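I opened my notebook and went through this model step by step. Here are my entries, in the order I made them.

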Amino acid sequence: IVQYELGQASHGWSVDVPGGQTSYYTRLTADNRAQDQGTFYAYDRANKRIVAFSKTDGSFVAQYMVPAGTSWFSAVTGMFVTTGSGGTNPTLYWTEVGNLMSASLARTAAPTPLASSGSNAPLASPNSSTAMPPTASVNPGHGFTATGSMTTRGAGPATRLADGRVLILDGTDSRAELYDPKTGTFRKTGSMVTAGSGETATLLQDGRVLFTGGSDGSNLLSSAEIYDPKTGTFSATGPMISVRTAHTATLLADGQVLITGGVNYKYASATAELYDPNTGTFIATGWMADARASHTATLLSDGRVLVAGGGDEGDPTTATAELYDPKTGRFGGTGSMSTAREVFSASLLADGRVLVAGGSDGNGTIFASVELFDPKTGRFSSTGSMSDGRIGQSATLLTDGRVLVAGGGLATAELYQP
């Protein structure tokens with residue numbers, strides 16, 4: 001956690017256990033304690049607040065509460081202090097998953113009574129300084145900032161390479177570019193062999209990137225290409241056995257890539273094929289039980305692949321799911337989702353379960369519902385809902401085990417806590 005004074009980084013805190021303090025607090029210890037000006041801060045997870053104590057005698061100084069309507073404090077990612085003018089109290093700002101919250105640094109007569117560890121009981125806090133709602137007018141240096149200008153439209157997939165750079169396809173023609181996070185700049189790289197190819201992008205184990213399928217604007221494509229970051233060039237490989245769009249491409253544990261479903265000419269397909277990067281060829285593998293397009297395919301911890309949902313032209317969106325076993329090359333049945341959905345997200349959690357979120361029924365209804373698939377039981381179970389319905393959103397597993405769900409027709413993001 002970093003504290004900012006008037007938008008400038010002042011010092012950081014690291015987690016420490018304060019001697020003599022209650023275990024309900026996680027102390028945030030400054031790397032340069034002389035800059036603390038006599039106060040240290042603690043994150044009180046049980047009571048969902050930030051608390052300030054005097055460094056001289058450990059007495060309570062002030063507390064900063066979560067805004068009304070916020071159900072929990074997932075993490076404090078930054079702190080900012082703006083100095084008051086004319087003798088007024090300064091203001092503490094902190095961020096939680098991109099939301100900027102603020103509270104006056106006024107002292108309170110006594111701290112709010114502690115809740116039991118893990119308790120969700122509401123707290124009476126007549127003397128607390130209650131944080132105001134997020135405000136876009138105050139941004140003391142934390143959040144999104146502009147970076148270099150792109151050279152393409154960036155409508156195609158973006159793939160993080162092994163060296164940290166990001167490969168981005170234009171998506172409407174053959175152009176591609178690389179973003180370098182070290183310099184914050186974009187630059188052109190080699191052009192694709194076939195314009196419009198590359199609806200899916202899969203980072204291979206050797207650092208190259210496989211692109212498959214798509215459309216050139218008039219026809220669906222069976223073409224596949226390899227991007228080599230060492231040379232900055234694209235080259236043809238394959239092609240696939242079938243033309244495909246709205247399909248999936250999943251890297252397997254043995255380095256091969258499983259291609260499933262998608263639209264084949266007019267209708268969704270139940271076929272699947274495997275790409276071998278050693279030979280540069282695609283071969284047929286088992287058929288799925290259901291034709292699927294705009295579905296998901298998630299590599300499980302045991303090496304199998306969970307294929308779920310999707311739709312087909314003229315047929316209802318399906319709630320069914322199946323498991324692909326690379327050892328046998330066959331698909332087998334498993335439990336169905338409670339909600340039929342397409343264009344949704346599926347994320348492998350740290351504990352091996354799969355989080356399924358959002359999507360559509362194919363007829364205009366967008367879902368906020370969320371489900372969990374447990375590979376040990378082969379069943380899906382409901383696990384609450386997102387704050388808003390989302391379709392085509394991204395869902396990224398974070399290093400602390402949470403999942404960041406972003407976009408999907410909205411400019412907002414939210415976190416799932418397993």
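**Entry 1: the whole chain**

I began with secondary structure: the protein chain has 35 strands and zero helices. I keep in mind that this is a predicted model. The chain is 418 residues long, and 46% of them count as buried. I then looked up the accessible surface of the protein chain, which comes to about 19,800 Å². Carbon and sulfur atoms account for 50% of that surface. For contacts, I took residues at least 6 apart in sequence; 40% of these contacts join residues at least 24 apart.

Next I picked out an open sheet of four strands, in the order 19-20-23-24 and with antiparallel pairing. Which strands stand at its edges? I found strand 19 (248-251) and strand 24 (281-284) there; each has a single partner strand, so one side of each is left without a neighbour in the sheet. On average, neighbouring strands of this sheet are turned by 25 degrees against each other, direction ignored.

I then checked the pairing of strand 20 (residues 257-260) with strand 23: they run antiparallel and are joined by four bridges. Within that pairing, Ile259 stands opposite Glu273 in strand 23.

**Entry 2: Thr271**

I stayed in this part of the chain and turned to a loop residue. Thr271 lies between strand 22 (267-268) and strand 23 (272-276). Is Thr271 buried or exposed? Its relative accessible area is 17%, and the cut-off for buried is under 20%, so I noted Thr271 as buried.

What does Thr271 touch, leaving out residues up to four places away in sequence? I listed Arg244, Ile259, Thr260, Gly261, Trp287 and Met288.

**Entry 3: aromatic rings**

How many aromatic pairs does the structure hold? I counted six. One of them is formed by Tyr227 and Phe234, with 4.8 Å centre to centre and 50 degrees between the planes, a tilted pair. I looked up the burial of both residues: Tyr227 is buried with a relative accessible area of 0%, and Phe234 is buried with 9%.

I also looked at Tyr324 and Phe331. Their ring centres are 4.8 Å apart and their planes stand at 50 degrees, so I noted this pair as tilted. Both Tyr324 and Phe331 are buried.

Going back to Tyr227 and Phe234, I found that they form one aromatic cluster together with Phe211.

My last stop was an open sheet of four strands with antiparallel pairing, in the order 11-12-13-14. Here strand 11 (158-160) and strand 14 (185-188) stand at the edges. Each of these two has a single partner strand, so one side of each is left without a neighbour in the sheet. From one strand to the next, the twist averages 25 degrees.

Strand 12 (residues 166-169) and strand 13 (residues 176-180) run antiparallel, joined by four bridges. Which residue of strand 13 is the bridge partner of Leu167? I wrote down Leu178.

Technical notes
Residues are numbered from 1 along each chain as its sequence is written. This is a predicted model: local features need pLDDT of at least 70, side-chain atom pairs count only at pLDDT 80 or more; totals for chains, interfaces and linings use all residues. Side-chain values use heavy atoms; hydrogens and water are left out. Buried means under 20% relative accessible area, exposed over 50%, partly exposed in between (1.4 Å probe, protein chains only). Contact means heavy atoms within 4.5 Å. Accessible areas come from the Shrake-Rupley method with a 1.4 Å probe; for residues, only the protein chains shown count as cover. Two strands pair if DSSP finds at least two bridges between them. Axes are lines fitted to C-alpha atoms, for helices over the stretch in contact, and angles run from 0 to 180 degrees between N-to-C directions. Rings of Phe, Tyr and Trp (its six-membered ring) pair if their centres lie within 6.5 Å; planes under 30 degrees apart count as stacked, over 60 as edge-to-face and the rest as tilted.
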